[in-house]
Amino acid sequence: MPKRDARGLQIGSPEHDLRRLLRLAGFPDPADVEPVPCTSSGGRDVPWHAFIRRREKGQGKPAADGAGYGFRIRFAEQVQGPVAVGYGGAFWDGGI
């Protein structure tokens, strides 16, 4: 049986890790976290697995399962963005 946190989330699950990483980055605990299956780009839905999530060179360590996940995060209070956490989050420069 998987270990669960006080909220009932499986420890190490995508939502559990998101909440942990937000806390480590200094964000408040989200009021709501909603999984979303894809994002919209160029007028079409693009699933998370379509994004390149690993480097072809270098020593970076990718996510254990290699899968991508997306969430809609709602905070009870306004936060200063951008919100970029996890592997490579520190390298996000705000550009597209």
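# Close-up views of a predicted model

View 1. Strand S2 (residues 38-41) and strand S3 (residues 44-47) run antiparallel and are joined by four bridges. A quick note on terms: strands (E, at least two residues) and helices (H or I, at least four) are DSSP runs, numbered from the N terminus, and two strands count as paired if DSSP finds at least two bridges between them. This is a predicted model, so local features need pLDDT of at least 70 and side-chain atom pairs count only at pLDDT 80 or more, while totals for chains, interfaces and linings use all residues. Residues are numbered from 1 along each chain as its sequence is written, and side-chain values use heavy atoms, with hydrogens and water left out. Back to the hairpin: two residues sit between S2 and S3, and glycine 42 in the turn has a positive phi of about 60°.

View 2. Proline 47 belongs to strand S3. With a relative accessible area of 30%, proline 47 is partly exposed; here buried means under 20% relative accessible area, exposed means over 50%, and partly exposed is in between (1.4 Å probe, protein chains only). Leaving aside residues up to four places away in sequence, proline 47 touches Pro37 and Cys38, where contact means heavy atoms within 4.5 Å. Tyrosine 69 is 22 residues from proline 47 in sequence, and the C-alpha to C-alpha distance between the two is 8.8 Å.

**View 3. The salt bridge between arginine 7 and aspartate 29.** These two side chains meet at 2.4 Å, N to O. A salt bridge here is a side-chain nitrogen of Lys or Arg within 4 Å of a carboxyl oxygen of Asp or Glu. Arginine 7 lies in the segment before helix H1 (14-24) and aspartate 29 in the loop between H1 and strand S1 (32-36), so the pair ties together parts that are 22 residues apart in sequence. Arginine 7 is partly exposed at 47% relative accessible area, and aspartate 29 is partly exposed at 42%. Both belong to a salt-bridge network that links Arg7, Glu15, Arg19 and Asp29. Searching the whole structure turns up seven salt bridges.

View 4. Aspartate 17 and arginine 20 form a salt bridge through their side chains (3.6 Å, N to O). How far apart are aspartate 17 and arginine 20 in helix H1? They are three residues apart, which puts about one helical turn between them. Aspartate 17 has a relative accessible area of 25% and is partly exposed; arginine 20, at 33%, is partly exposed too.

**View 5. Strand S4 linked to strand S1.** The side chains of arginine 74 and aspartate 32 make a salt bridge (2.8 Å, N to O). Since arginine 74 lies in strand S4 (residues 70-74) and aspartate 32 in strand S1, the pair ties together parts that are 42 residues apart in sequence. Arginine 74 counts as partly exposed at 37% relative accessibility, as does aspartate 32 at 31%.

**View 6. Histidine 16, buried in helix H1.** Histidine 16 sits in helix H1. Its relative accessible area is 13%, so histidine 16 is buried. Setting aside residues up to four places away in sequence, histidine 16 touches Asp5, Leu9, Gln10 and Ile11.

View 7. The structure holds one aromatic pair. Phenylalanine 27 and phenylalanine 75 are stacked, at 6.0 Å centre to centre with 25° between the planes. For reference, rings of Phe, Tyr and Trp (its six-membered ring) pair if their centres lie within 6.5 Å; planes under 30 degrees apart count as stacked, over 60 as edge-to-face and the rest as tilted. Phenylalanine 27 lies in the loop between H1 and S1 and phenylalanine 75 in the segment after S4, so this pair ties together parts that are 48 residues apart in sequence. The largest nonpolar core has five residues: Leu18, Leu22, Phe27, Val33 and Phe75. Such a core is a set of buried Ala, Val, Leu, Ile, Met, Phe, Trp, Tyr and Cys residues joined through side-chain atoms within 4.5 Å. Apart from residues up to four places away in sequence, valine 33 touches Glu15, Leu18, Arg19, Phe71 and Arg72.
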